[in-house]
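Please open the model in a viewer in which residues can be selected by chain and number. The stops below are arranged so that each selection leads on to the next.

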Amino acid sequence: MRIDGAAGARFDEAFDYVVVGSGAAGATAARSLAATGRSVCVLEEGPAMDPKAFGDDAWGAFKTMFRGMNGQVARGRAFIPVIQGRTLGGSTVINSAIAWRVPDDVLAEWAALGLDDALPAKELHRYWDEIEKDLDAAPTPEEAWGGFNTLMRDGARKLGVEAAPTRRYASGCKATGQCLTGCPSGAKRSMLTTYLPQAEAKGALIVTGAEARRVIIKDGRAVGVEGRLSAPGRPSFRAMARRAVVVAASAIQSPLLLERSGVRSAHLGEHFMAHPGTPLTGLFDAPADLWRGATQGFDSVHHRRDWRVKVETIGLPPEIVFARLPGAGRRWKEKMALAKRTAIFAVQTRAWAEGSVREGPFGADIRYDLTRRDMMQIRRGLRFAAELLFAAGAREVWPGIFGLPERLLPGEEKLLDAGPDDPRCYSWILSHLFGTARMAARPGAGVVGTDFAVHGVPNLVVADSSVFPTNLGVNPQHAIMAVARLCAERLAERA
Amino acid sequence: MISSRDRVVLDALLPSGGPEGLPGAFEAGFADFEKGFAADAPLPMRLGWRAALFAAYWVSPLLIGRLPPLARLAPEEREDALCAMGKSRSYLIRQVSLLLKAVTSFGYGGTKAVRRVVDYDAH
């Protein structure tokens, strides 16, 4: 059953579990909890979209499905856009549905931090097996590659480096390149079309347009959630929780909710980690089909361990591609006319930087600064991406980096390696977010314990990537879902 | 509401004519987009957009050694001035330039008239 808070539907009820957030973590936790036969309420701040209504215009999607209409930024020396979904299904509706298991070396790091019992590799792999089956995870099929994805295959083959079709939650991908604006064909297995309807079928109530403002904590126990509906006049609501409140609102929103709820920890909102990314554009002699093909259908983890970088293809609609092209006036339009012959390879790094998230006057106040080591990794990654582009046949590469030439020719990719050290010279995106309510056995070392419960509030659990002790170096949705499932099943066992 | 000053900036940024039949900003219907943007966008984004237009009109000529406003300059110089914003040594001016181009792109690259020219077929 669903309630649309935007339509002013009032509700004031009690449930066994109240789940805040409907993205990869919230939907997974809700589905697992609903399967136990207990009553579950899912609170989602954003609207529910009808997949049949998904369009292909980026601004339309930003307005309806992205937090702050995609205007959310992290501040440091550079301003970095932070991309998050704000719709039923969360970021899974607007991401590229990439399914990467946490690499063994990262799981070993977690174990070394004393979390091997809390986040056991064996159990996580069992969940990944199940989730991959549930959501049709498979390498992007060749018929969905399109030109720009094929170019990475070609470049990698020529260089003799590792690259492969990206494993995605999709079946029957129509290669429309519209993952970012919502999959119009229904091929993408987002939470909107999978786990949320399944939770609903097991009796979960889903409330959209419901912003959770505070977890109500009485005598050291979470007893419910209160907030505001998005209907005119912003009426308040209360969803009471008999057993537990599950916070799964993302590494940005979860710490803010906990802070507003009176949770105090020196680690709350701290240790904000991410995978900052920056793109590189290659110009080819023939059309590269930038507008057709799985949005992110190929990637290379060849330098994941030694340089901590991952290189991915990305197809974007013209309005996003144009914004980054150099020039103005006729010179800008000349570049636009060439866009169909370009391919974009994005470099993301497993950054060492740690930032913070606090409540600010316009929403989250996110502070984040890349370190010198991060900049070195990124520069190496950019050089590698340029080598891939040139090996694939690019006649020139447009770095879009202040201080470097507007275009690089084959043989000049080494300039990227020696590029500027200042993050303000690059254009960035932050999309994978972690660590702001991190897990640690001791209260002095983290916000939640090894049972996912906030230290001191045993029935207030955090199920999203806020609890991750490190970043991953690979796309996090798969990790988030497995951890949320582990969290929910342990919570259900407690009852 | 697009003022005459904003129009000078946007006409210089995306003029009529040019390569492969790409339309100018207003030929592509940017005025309609801007109306919606002014009504829907969050306050910080709207303020940023206004600041970007202001900087393009009053500051960009200084970057090529000319006196403002942009309207005083010849068409080629206007283009040079806006290009100079993207190459400025000041990070703030580069960011303002990026914002100007990003918002303009949303109202331009998403239109059928432009997409047709760049071979973006509706899926």
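Predicted model: local features only at pLDDT ≥ 70, side-chain atom pairs only at ≥ 80, totals over all residues.

As general background, nonpolar side chains in soluble globular proteins tend to be buried together.

Return to Val19(A) and display its surroundings. Which residues does Val19(A) touch, not counting those up to four places away in sequence? They are Gly26(A), Ala29(A), Ala30(A), Val40(A), Cys41(A), Val42(A), Leu43(A), Val246(A) and Ala248(A).

**The two domains of chain A**

Now colour chain A by domain. The domain assignment places residues 2-49, 87-97, 100-134, 190-267 and 435-494 in domain 1, and residues 138-180 and 272-430 in domain 2. The C-alpha centres of domain 1 and domain 2 of chain A are 31 Å apart.

Turn to the boundary between the two domains of chain A, where 18 residues of domain 1 are in contact with 22 residues of domain 2. Select helix H7 of chain A, residues 250-260: with 5 residues, this helix gives the most to the side of domain 1 that touches domain 2. By class, that side of domain 1 of chain A comprises 9 nonpolar, 7 polar and 2 charged residues.

Select Ala138(A), which lies in strand E6 of chain A, residues 137-139. Is Ala138(A) buried or partly exposed? It counts as partly exposed, because 15 C-beta neighbours lie inside 10 Å, whereas a buried residue needs 20 or more.

The phi angle of Asn70(A) is near 65 degrees, a positive value in a residue other than glycine. Asn70(A) is buried, because 24 other C-beta atoms lie within 10 Å.

Then select Ala175(A), in the loop between strand E8 (167-169) and helix H6 (195-201) of chain A. Ala175(A) is not a glycine, yet its phi is positive, at about 60 degrees. Ala175(A) has 22 other C-beta atoms within 10 Å and is therefore buried.

**Chain B as a whole**

How many helices and strands does chain B have? There are 7 helices and 0 strands in chain B, and the pattern along its sequence is α-α-α-α-α-α-α. The radius of gyration of chain B is 14 Å, close to the 14 Å given by the globule rule for 123 residues, so chain B is as compact as a globular protein of that length. Along the principal axes, the C-alpha atoms of chain B fill a box of roughly 45 × 35 × 25 Å.

Of the 123 residues of chain B, 42% count as buried. Among contacts in chain B between residues at least 6 apart in sequence, 56% join residues at least 24 apart.

Within chain B, select Pro68(B) and Pro69(B). A cis peptide bond joins these two residues, with omega at about 5 degrees. Pro69(B) is placed in the loop between helix H4 (60-63) and H5 of chain B.

**Where chain B meets chain A**

Bring chain A back into view. In the interface, 34 residues of chain B are in contact with 33 residues of chain A. On chain B, select helices H1 (4-13), H3 (43-58), H5 (75-86), H6 (91-109) and H7 (112-117): each supplies at least two residues of the side that touches chain A. Which helix gives the largest share of this side of chain B? That helix is H6(B), with 9 residues. By class, the side of chain B that touches chain A has 20 nonpolar, 7 polar and 7 charged residues.

**Confidence**

Finally, colour the model by pLDDT. Chain B has a mean pLDDT of 95, and 98% of its residues reach 70 or more. For the complex, the predictor gives an ipTM of 0.98 and a pTM of 0.96.

How values were computed: Residues numbered from 1 in each chain as written. Chains lettered and ligands numbered in written order. Contact = placed C-beta atoms within 7 Å. Helix = DSSP H or I, 4+ residues; strand = E, 2+ residues; numbered from the N terminus. Nonpolar A, V, L, I, M, F, W, Y, C, P; charged D, E, K, R; others polar. Domains from an automatic or database assignment. Rg over C-alpha atoms; globule rule 2.2 N^0.38 Å. Buried ≥ 20, exposed ≤ 12 C-beta atoms within 10 Å, placed from the backbone. pLDDT = per-residue confidence, 0-100.
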